[in-house]
Amino acid sequence: MKIETAKPGDEVVLAPGTYAFRVYLQQQAAANSPIYIHSQDPTHPAVVDLSSASGGLVDNAPGSYMAGDKARGCWQLSGASSIHIDGIVFQNCHAASNDSAGIRYYNGTTDLLITNCVFKSNDNGLTGGTVGSDNVTQSQATVEWSEFSENGNLAASASSPTHNIYIYGGSFTLRYSYLHDPIQGQNLHCRAITSTIEYNWLSRAKSYTGDLMTNDDYTNNPTGSLSQSMTFRGNVLFEGATPANGGQIWALYNDEASGSPVSFHITMLYNTLVGAGGHAALVHLSNADGTTMSAELDNNLVFGTTVATLVEDAQHATVTGSNNWLQTGTPTGGLTASVLGSDPGFNSAGSDDFVPLASSPCVGAANVAVSGLPVAEYYENETVARMYRVRASAKDIGAFEHDTMGSGIGPYGSVDGGVVATIGSTTTDAGTTDAAATDAGATGTGATVVGVVDSGSIAMGRDAQSSDVGPVEAAPEDAAGMVPDAANGRGDGGARATASSSGCSCRVGAGAHAAASQSWGAVGLAALLFRQRRRTCGREEA
């Protein structure tokens, strides 16, 4: 059965193994009946890898979608809605045009949720965000607990570079994620109309860390005015020693609609920047063309640089904010009540522990009267990654509160829950307590598949809990996404997906435990399992 045949309310479970075919999703599910596609075992995740195709190119990989842009993503979503992709690794997605991606979403795709996924060594990790064919429906995506590593392609044009994440427009949210070491451009290149970037760790961009630039849809149809805004809260920014562009960390730039009535605004609060010791501006309002721009900076810790803001046309730009820790000698134009010094008092900067000591000048120095106070903080560093903790308070300057306690919260449980292994880590499970998957066995009356404990103050993603009351079985697919023939275990030809295990049988009725233990041995395919489910008010039930 093809992944593309999933219907609203279905659950698609991918057994451990490598999936070497393209996927194209157009289903329009409702928010209360989403399609949930995930790895059966997040500690042994399904891997989408098309490098076995001729030339190692997505262009030559099998798949049902055959239009001219078929290579723009290993998985693509066009006009889809309410799809949740979870616990999957996307790697080695390359196109002849050097602009593929692990996942590409576009044409007004809405309510896309990506959690606990790893994007590594693709042309781009994630791309998307264009408006729907009605020229009204804006794309919308949320990414949580995910990693973007070494995406990019130096063969791509310098005028159209590749990135860890490239968002064309719409609305975009990124939380609890780890972005690092892109090959060519930025960690996050964002053209969204509205975006929220919070509680992430971003390190060692090839060029500079990220930006907010002109929305692609407006560029293609510059009708009326456009206001773009970004909330940037509670992030850790590690510049690295050799960025190609050492003059800026974050940039606002009207690169494609100069002279049009476009404006940009960024609110940066409670972030920690660890610069390389040069003069990179935390935020650069690149408005030499007279574009209206504004930046509000509150309670940020700006270390390793002597430039907090850089403005090109002050007549059309405004900088405000207060209570930022800045190195002595940093110009404070527009910023008030700055805390100046030479040492912010990190717990152990050499170990990437940027939590302030109790004696730090940042402790108790934040302005808690600003709006949008953080309720979480990233956990923990670049080794134990992609989690968060509930922040004890918001009294300290920077991304961390000195007295926040407790372990990290992962995608599947109150403490961790089986995060897909961080790239380069020697462990496959970042925390201590897992929300184990269980099966009700012969009764078939509500086996818990995944449980998520919500702190009550932090959005934990769209899926809170799910229950299983009897799956609809499906045969495994071959690499072309076809159901194998019952007689010979093969489909319509094409290279089969390899698997790191023998796959799993689909559970049927009362024999759930027994069926799950059977293997597809002779078939040798990574298996898919569809489950029907329903959802009610933050709780999913099948």
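Good morning, colleagues. What we have before us is a predicted model, in which local features need a pLDDT of at least 70 and side-chain atom pairs count only at pLDDT 80 or more, while totals for chains, interfaces and linings use all residues. Residues are numbered from 1 along each chain as its sequence is written, and side-chain values use heavy atoms, with hydrogens and water left out.

I begin with confidence. The pLDDT, the predictor's confidence in each residue on a scale from 0 to 100, averages 81 over the protein chain, and 76% of the residues score at least 70. Over residues 425-542, however, the pLDDT is below 50. That stretch has 296 contacts in the model beyond near neighbours in sequence, a contact meaning heavy atoms within 4.5 Å. Where pLDDT is low, the predicted coordinates should not be read in detail.

Next, the overall architecture. The chain has two helices and 42 strands; these are DSSP runs numbered from the N terminus, helices being H or I with at least four residues and strands E with at least two. Of its 542 residues, 57% count as buried. Buried means under 20% relative accessible area, exposed means over 50%, and partly exposed lies in between, with a 1.4 Å probe and protein chains only. Among contacts with a separation of 6 or more, 69% join residues 24 or more positions apart.

I turn to a pocket. On a 1 Å grid over the protein atoms alone, a pocket is an open set of points with protein on both sides within 12 Å along at least five of seven lines, a cavity is a set where a 1.4 Å probe fits but cannot get out, and lining residues have an atom within 4 Å of a point. Points are joined across faces, edges and corners, and a volume is the space filled by probe spheres set on them. The second largest pocket has a volume of about 470 Å³. Of its 29 lining residues, the closest to the centre are Ser159, Ser160, Pro161, His163 and Tyr166. Which element gives the largest share of this lining? Helix 1 does, with three residues.

Let me now consider single residues. Beyond four places in sequence, its contacts include Glu147, Asn164 and Arg204.

Glutamate 4 lies in the segment before strand 1 (10-14), and it is also buried, with a relative accessible area of 19%. Although glutamate 4 and tyrosine 24 are 20 residues apart in sequence, their C-alpha atoms are 6.4 Å apart in space.

Finally, some backbone details. The peptide bond from tyrosine 379 to glutamate 380 is cis, with omega near 5 degrees; glutamate 380 sits in the loop between strand 36 (376-379) and strand 37 (387-390). Serine 121, not a glycine, has a positive phi of about 60 degrees and is partly exposed at 22% relative accessibility. Asparagine 135, likewise not a glycine, has a positive phi of about 60 degrees and is partly exposed at 47%. Thank you for your attention.
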